[in-house]
Amino acid sequence: MGRKAKRELSAKELRIRKKKRRRRLLIAEGIILVLLVAVLFVWLKVGMISFEELDTQTNDLDEETQKVMEEYITVAIFGVDNRSNVNYDSGNSDSIMIANIDNNTGEIKIVSVYRDTCMDVDGEETFRKCNYAFNHGGAEQAVNMLNRNLDLDIDGYVAVDFYALAGAIDALGGVEIELTDEEAKVMNEAYIGFLEKELGRKSKRVTAGLHNLDGIQAVAYCRVRYTSGGDFKRAERQREVLSKMAEKLKTASVSQLLDLIDEVFPSISTSFNLADILEMAPQMQNYQLVDTQGYPFDKYTGTYGSKGSLVIPCTVESNVRKLHEFLFESELYTPSAELTDLSEEIEDFSGKDEEDALDYGY
């Protein structure tokens, strides 16, 4: 009897163990299924993006500078206006930014490169407005221009339709911005009506004061140029809107993020592939935008014949020193021989040096 009871107990325990094992297998299979669905979802969403390979060149940077740069991911961001042909690999890059991500802290700093900045746009001492490069040679020429003129080693680029910004802002519930009388007047008269027709949806006219701007209003705000401060102030507005969006992203719901992805991803061209994006994804929750600036820091604006109004760095070398100190928080940067030569060439071309810099307030 005693032996029989023991055998029955063992059989019961065995059945319990089998059930537990099956349960564990079901849980494991469920987790795997969820992961597969998540990967498939990401793949489908990322599949909306246009991926382009880059063949980049850099100046001959010294070892210490390279070592500092390795601690960061440096991204070129181009805002393009190509809604008419839905091609984001070329066209007018009305907004040029450099985002620098600290791999250790997740802190992000952004620099707006003023679109009229005088740069060598093609490596052949063709000194023109820097937005020329993307329009005539796409992202590859534009990235190489930034590397050459700023002693950078950019890891990749993202180009996005400027008007996709409107949908992204709507998905996040708008951005809170303080408007001046001058800004409100220009937005109402020159941009909001135009954007309503371009995007096929309605918005509202604005007044001076604090507003939660919808997508159309925010894009209108970003496009305002012909007010006090000109393009310098416009670049500042763009950085302000980007900063407000970064704040909203921290508290965005899953549905808001999905709406944002659906709105923006089809309008993106990038050199970052799926593996790059998945590698960065786990760290993105720690990313924090901490500061923004405009380049060049010390500048002079003048008209140069057929090249039009140019923003002259006074000088390239001294401005790039400040750029590296801002982006990489390092005083170890040594200008490359190529950059030193380029700085002298632009100084000869423009006739302007450090003493000619003017204070534009931006």
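Predicted model: local features only at pLDDT ≥ 70, side-chain atom pairs only at ≥ 80, totals over all residues.
Residues are numbered from 1 along each chain as its sequence is written, and side-chain values use heavy atoms, with hydrogens and water left out.

Okay, the big picture. The protein chain has 11 helices and 13 strands; those are DSSP runs numbered from the N terminus, helices being H or I with at least four residues and strands E with at least two. Of its 362 residues, 46% count as buried. Buried means under 20% relative accessible area, exposed is over 50%, and partly exposed is in between, using a 1.4 Å probe and protein chains only.

Now, helices. Take α7, residues 230–250: its 21 residues reach 31 Å from first C-alpha to last, close to the 30 Å expected at 1.5 Å a residue. That expected span is 1.5 Å times one less than the number of residues. Its buried residues include Phe232, Arg237 and Met245.

Two of those turn up again. Lys299 lies over the face of Phe232, 5.0 Å from the ring centre, and Arg237 itself lies over the face of Tyr221, at 5.8 Å. The rule here is NZ of Lys or CZ of Arg within 6 Å of the ring centre and within 35 degrees of the ring normal.

What about disulfides? The count is zero, taking a disulfide as a pair of cysteine sulfur atoms within 2.5 Å.

On to the backbone. Most residues other than glycine have a negative phi, and most peptide bonds are trans. Here are some exceptions. Tyr295 and Pro296 are joined by a cis peptide bond, omega about 0 degrees, and Pro296 is in the loop between β11 (288–295) and β12 (299–303). Another cis bond joins Cys314 and Thr315, with omega about -10 degrees.

Then there's positive phi. Glu125 has about 60 degrees and is partly exposed, at 48% relative accessibility. Asp151 has about 55 degrees, but Asp151 is buried, at 0%. Asp151 sits in the loop between α3 (132–150) and β7 (156–161).
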